[in-house]
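I am opening a notebook page on this structure and writing down what I looked up, entry by entry.

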Amino acid sequence: MADVLTVLALLLVAVAATAAVAVRDPARQALVLAVLGLALAVLFTVLQAPDVALSQLAVGSALTPLLILLSVRKVRRRGQREDGGR
Amino acid sequence: MSVLPYLVAGWIFLAGCYGIATSRHLVHAVGCLAVCQSSTYVLLLAVGYRDGGTAPVHSDLAPGSRPVVDPVVQALALTDVVVGATVTALLLALVMQVAKRHGTVDPDELSELRG
Amino acid sequence: MSRRLRMWVLAVGGLGVAALLAAAALRLPGFGGDDHPYGERAVEASLARRTSNTIASVNFDQRAFDTLGEETILFAAVLGTVVLLRQTRDERQVRPAPERVAAPVRRYALVMLPVALLTGLYVIAHGQLSPGGGFQGGVVVATALHLLYIGADYRALERIRPVGLYEVGDAAGEAAYLILGVAGLVGGSAFLANTLLPYGTFNTLASGGTVPLLNAAVGMEVACAVVVLLARFLDQAVEIERSTGSGNDRGE
Amino acid sequence: MNGWLWTATVLLAVGFGPVVWAVATGPVGRRVVAQNFGTSAVCLVMLLLAQGYQRPSYTDLALVLAVLGPVGTLVYARLLADDLSPHPPHTNLLTAAAALATTAVVVAVCAATGPGRAMVKLLVTGALLVAGNVIASRAVSGGYRNAEATSHG
């Protein structure tokens, strides 16, 4: 029955990854990517890889979203000046 | 059950590829590439897993007292998570340059510009 | 290529890859199987060298050369980003207006800054014992410094963060890794071989020979690299060319 | 599979499953709230897993998440402020639920570990998680906007 946890974590990762692709607005996608990172961290812990889970948490919780949001901010500002929208 | 993790890894990879190919915004495409990257971690760790095993980290575990999972694949995935993030940053920097030079981040409009 | 044709190519390619992946998955050793020849040997080698975290032993001892490659990719990625995001001639730097931050958030950030720094250093220092190491801890340390951006504003962060120093630190981390590798060569064995230092007592901070040193070098490089990366991104998003864009950049 | 792991499974399904759905749909405010709640849920799952696998060293994961998770939410609160301010989301109920769940889990795990250094680490993790969650929730829901106006004139 130890499989229930593994299967649940796998399904959550699959759903979160699909959602991360389906959400088209990059700022909102950053939020889904953060949640995908959390789901991956749980999966890695369940697969007994705490080192990898720690890596994923460190990168996914604050660093990647910050990079994406800053890029979006820069790109949007420029896009608005050029043609008034993205 | 014995192939489900591999199939999930394949699904994540294909979903990410679909996102990249149909993306209308380069930052979104970079995000989809990050999704593709994560599929490799799932595959690697699934290959290294052993039923009833635990992590080969012996700070709180007497060596040999419990079966352990494969550490080699974990070492591969662990470095790539961090290095992958910096590569994502490089790609985002490229996107900013594209936005500066061409004033758009829609891949379709960019290909029209070129030819 | 038209959009419709592209979708067809994507569908054909995707289905082909899906079929190949499914066929490969069926032939892979089953999930949770008992046969891990490399893993067992890695654990044995790690215990023989008294490194308690086998993953750290694989990264910084058994496959240290591979980690040098990873580190070089990281270094090159940061270098590329720095070159791409430098301030060009047609851009100008504008001092951002000071942000208004609510007092509780500021207090939280100022209290958490040392806590997060300490957590990061703990994760780096215990890399060869418990889960953690230079890669993870470096990111935590770098993120911790950016609590100042959240708690105050960009100017406060700039005051405590001389980017040039962190660029030097990045290169020094990479160089330290190489020098430790060459030291192994000079010491009479191979490049990056873990034969230089005594292996120490199992499960203590100084165990594992050169593993803690390589770990610290990587931690320094990763922390400095992430600080430099975020500095370039923040420069672009907050400082450079702020006045020419419209002030209110609200999304759809 | 022991009771700790079953609790973790249930918490993952009930606490984190809806988060994945909520973060993918709806207005930006709700998505940020979902991300913040997901951080708390996953942190508790990590604590339960560490106890369930009898690996105290796994609690480092919960500690790092308790430190960095709220930082991520504050990043969103800062950079998406323009999207959040017109319709600030309501977070009081969720914050209270997260704080209650954190207290329950930390107390249970502490009771199982007994006094010592491990218990101190658990208590620190729990305190950081609750404090971070409360601050981040209020920052997202605009609860500090009035305080801001008074403190800066």
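**Conventions.** I am working with a predicted model, in which local features need pLDDT of at least 70 and side-chain atom pairs count only at pLDDT 80 or more, while totals for chains, interfaces and linings use all residues. Residues are numbered from 1 along each chain as its sequence is written, and chains are lettered from A and ligands numbered from 1 in the order in which they are written.

**Chain A.** I looked up the elements of chain A and found three helices and zero strands, in the order α-α-α from the N terminus; helices here are DSSP runs of H or I with at least four residues, strands are runs of E with at least two, and both are numbered from the N terminus. Of its 86 residues, 80% count as buried, where buried stands for 20 or more other C-beta atoms within 10 Å of a residue's own, exposed for 12 or fewer and partly exposed for the range in between, with C-beta atoms placed from the backbone. Among the contacts in chain A with a separation of 6 or more, 48% join residues 24 or more positions apart; a contact requires C-beta atoms, placed from the backbone, within 7 Å.

For the contact between chain C and chain B I noted 48 residues from chain C and 41 residues from chain B. On the chain C side, the elements giving two or more residues include helix 1 (3–27), helix 4 (64–84) and helix 10 (211–239), and the residues of this side divide into 28 nonpolar, 16 polar and four charged. I use nonpolar for Ala, Val, Leu, Ile, Met, Phe, Trp, Tyr, Cys and Pro, charged for Asp, Glu, Lys and Arg, and polar for the others, Gly among them. The contact between chain B and chain D takes five residues from chain B and four residues from chain D, and the chain B side has two nonpolar, two polar and one charged residues.

**T79(B).** I then picked T79(B), which sits in helix 3 (residues 71–102) of chain B and touches N59(C), T67(C), E70(C) and F135(C), residues up to four places away in sequence not being counted. T79(B) counts as buried because 27 C-beta neighbours lie inside 10 Å.

**Helix 5 of chain C.** Helix 5 (residues 103–125) of chain C has 23 residues and reaches 33 Å from its first C-alpha to its last, close to the 33 Å expected at 1.5 Å a residue, the expected span being 1.5 Å times one less than the number of residues. I also found a kink of about 35° at M112(C), shortly before the proline P114(C); the bend is the angle between axes fitted to the seven residues ending at a residue and the seven starting there. The buried residues of this helix include V105(C), Y108(C), M112(C) and I124(C), and its buried residues pack against helix 6, helix 7 (147–151) and helix 10 of chain C together with helix 3 and helix 6 (117–140) of chain D.

**Helix 3 of chain D.** Helix 3 of chain D is mostly covered, with 20 of its 21 residues buried. A kink of about 30° lies at A66(D), shortly before the proline P70(D).

**Helices 2 and 5 of chain D.** How do the axes of helix 2 and helix 5 (residues 92–113) of chain D cross? They come within 10 Å and cross at roughly 10°, the axes being lines fitted to C-alpha atoms over the stretch in contact, with angles from 0 to 180 degrees between N-to-C directions. The two helices are therefore roughly parallel to each other, a label for angles under 35 degrees. Among the residues making the contact are F37(D) and L44(D) of helix 2 and A98(D) and V105(D) of helix 5, and the contact divides into eleven nonpolar, three polar and no charged residues.

**Loop residues.** Y58(D) is in the loop between helix 2 (28–52) and helix 3 (59–79) of chain D, and its contacts include T45(A), P50(A) and Y53(D). Y58(D) counts as buried because it has 26 C-beta neighbours inside 10 Å. Q54(D), in the loop between helix 2 and helix 3 of chain D, has a positive phi of about 55° although it is not a glycine, and with 14 C-beta neighbours inside 10 Å it counts as partly exposed. L192(C) likewise has a positive phi, about 65°, without being a glycine, and lies in the loop between helix 9 (163–186) and helix 10 of chain C.

Conventions:
Contact = placed C-beta atoms within 7 Å. Parallel < 35°, antiparallel > 145°, perpendicular 65-115°, else oblique.
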